[in-house]
Amino acid sequence: MAADDAARGWAGRYLRVDLTRGEHEVVPIPQEVLTSLLGGKGLGAYLLYREAPRGVDPFAPENPVVVAAGPLSGIFPGCGRFVVVTKSPLTGYFIDSHASGFLGAELKFAGFDAIMVVGRAERPVYLLVESGEVELRDADWIWGLDVYQAHDAVFEAHYGGPSVAVVGPAAENLVRYSVVHAERLHAAGRGGTGAVMGSKRLKAIAVMGSWSARPADRERVLEIYREIWRRTEGRRGPQNDGTTSALVAANELGMLPTRNFQTTSFEHAENYDPAALRRYRVRDLACFACPRACVKYHRVDGSYSVIQYEGMAMLGSNLGLERPEDMMRLYERCNRLGLDVISAGSAMALAAECAERGVLRDEEFRDLRFGDVEGFLRLADAIAHRRGVGDLLAEGAARAARKLGVPELAVHVKGLDMPAWDPRGRIGLGLSYATADVGASHLRGWPDAREKPDRSALDTVGSMIRNRDRKAAADSLVICSFLDLDERDYAKMLAAATGIGYTPEEVLKVGWRIETLARLYNLREGLDPGTEDVLPPRMWEPVPSGPSRGRRAFISEDDFRASLLRFYRLRGWDPSGRPTARVLRDLGLLEILNAGGSPGAQLGPPR
């Protein structure tokens with residue numbers, strides 16, 4: 001499909017950039033790949049599986065990093081997001097990390113469904129994509145700048161035209177949980193996607209397009225567009241306080257990580273009430289064509305930062321910080337350095353607990369304690385620049401805890417640090433964390449049941465799977481979950497954008513197909529479900545106090561195992577957690593992965 005014909009939802013092609021050779025090519029995407037995997041996460045998983053050599057080191061030049069949009073990008077509200085897919089340097093497995101904003105729409109307007117970068121530049125570069133024109137430019141002048149400085153420098157160099165995604169000092173120093181930051185505001189935060197860019201000496205990607213994505217049925221698109229706006233008008237939701245109100249709610253539910261998840265409620269949680277935070281708010285910001293405006297921009301001590309719940313909790317209650325002002329200072333520091341606020345909060349909480357136990361003997365940080373904001377500010381800098389014990393913590397909490405001889409203190413699954421919702425406060429949530437394709441993630445489907453884990457979780461597995469499939473489809477469309485849409489809406493939007501009819505169940509089947517593809521990739525890269533589809537030891541410790549007092553993630557380890565086996569069975573996987581030949585046939589994965597021929601890895605029938 002020609003770029004200026006970017007019609008019917010997809011551009012039908014991706015940009016492949018080889019930094020080692022300083023070359024690029026435009027590659028067509030087989031139609032069956034697009035209709036079966038949609039785009040975004042699904043397209044990224046397809047490209048990663050085919051292009052990444054088996055067992056490749058995440059920091060090797062051959063490990064691809066994919067930035068992708070979806071068939072709805074640039075067409076509907078909430079569809080300016082983008083996804084970054086690569087092999088995670090934190091886990092060694094599949095990672096898809098998502099960010100809001102405008103870059104996904106700009107990528108479509110530039111005539112591409114995705115950009116895939118391989119190789120390693122001799123010197124720092126940034127990638128400029130402008131309406132199909134592609135150029136690698138010198139980035140020596142911005143290497144070493146923080147996220148905000150680098151973004152503004154590239155943005156202003158191109159007269160405020162492009163959407164710009166950058167990495168910070170943490171990525172340059174290969175911190176395994178460094179992020180890709182877009183438009184100063186939005187972080188593709190999990191799994192170290194920024195570190196992979198840093199390993200390639202790729203400082204930034206700037207994208208601007210002049211084409212429009214022409215949907216199959218423009219009138220129907222406008223009808224759906226208006227309906228989405230009508231649903232939002234007059235409703236409370238993320239547009240009011242973003243996600244900042246979630247901290248008080250999580251505390252009341254007994255799900256708030258506190259002092260490295262030692263408990264699930266925080267004695268100073270009322271200080272984090274959204275009303276207290278509003279006095280620092282300077283602006284509400286919206287993403288592409290979105291009615292929500294849920295991005296809340298705050299100012300503290302003369303600096304500006306977006307504040308969201310996950311970072312509030314992991315850098316606030318999880319570090320024992322009483323004052324929200326201290327949390328915001330640390331949040332802004334992590335954003336500038338390009339650190340994932342979840343994993344940074346986890347690593348620093350581990351350090352504080354180890355220091356209190358006398359395990360951390362680093363000269364500078366052996367006296368670190370929960371509540372010590374100045375110590376945590378120094379530690380964030382040490383991590384980003386790999387100085388002293390920061391070098392160890394830059395490897396991630398799981399690796400650091402093993403090196404310190406206390407692996408039981410790291411709260412993670414498959415190396416990915418647990419997010420800010422403790423599953424000891426909600427039945428069945430622990431199964432989502434244990435089985436998610438990327439490790440512990442709060443964005444892989446929650447069960448519908450809302451009570452505490454006081455009974456068997458077996459009957460929650462089905463709803464968790466359905467919600468997971470819906471999220472995987474949304475992440476491949478690519479559309480924001482805050483719009484409160486479901487598979488029925490997605491089917492209508494797909495038909496209007498692409499001209500191809502999907503039933504709601506077919507949309508969910510796409511999600512199932514994508515999760516199974518990610519599972520195949522992880523198994524190929526060495527995943528051992530028997531030892532890695534598990535929860536960390538802390539989730540088996542009874543909560544000592546608060547609303548979830550006495551609870552563990554499941555009523556028993558036997559119930560967890562029974563729920564896990566039910567999950568495998570409903571997914572069409574065998575009891576060892578491996579997809580069966582039958583489910584691969586039913587999902588059409590053999591044909592999809594072999595579409596387009598070589599050059600990458602192809603899939604044969606499982607043994």
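## Basis

The model is predicted, so that local features need pLDDT of at least 70 and side-chain atom pairs count only at pLDDT 80 or more, while totals for chains, interfaces and linings use all residues. Residues are numbered from 1 along each chain as its sequence is written, and side-chain values use heavy atoms, with hydrogens and water left out.

## Cavities

There are two cavities of 30 Å³ or more, a cavity being a set of points on a 1 Å grid over the protein atoms alone where a 1.4 Å probe fits but cannot get out. The largest cavity, with a volume of about 50 Å³ (the space filled by probe spheres set on the points, which are joined across faces, edges and corners), has a lining (residues with an atom within 4 Å of a point) that includes K41, D437, R468 and E515. Helix α18 (residues 461-477) gives the most to this lining, with four residues (helices are DSSP runs of H or I with at least four residues).

## Aromatic contacts

The structure holds 12 aromatic pairs, for which ring centres of Phe, Tyr and Trp (its six-membered ring) must lie within 6.5 Å. Ring pairs link Y309, W421 and W446 into a cluster.

How values were computed: On a 1 Å grid over the protein atoms alone, a cavity is a set of points where a 1.4 Å probe fits but cannot get out, and a pocket is an open set with protein on both sides within 12 Å along at least five of seven lines; lining residues have an atom within 4 Å of a point. Helices (H or I, at least four residues) and strands (E, at least two) are DSSP runs, numbered from the N terminus. Rings of Phe, Tyr and Trp (its six-membered ring) pair if their centres lie within 6.5 Å; planes under 30 degrees apart count as stacked, over 60 as edge-to-face and the rest as tilted.
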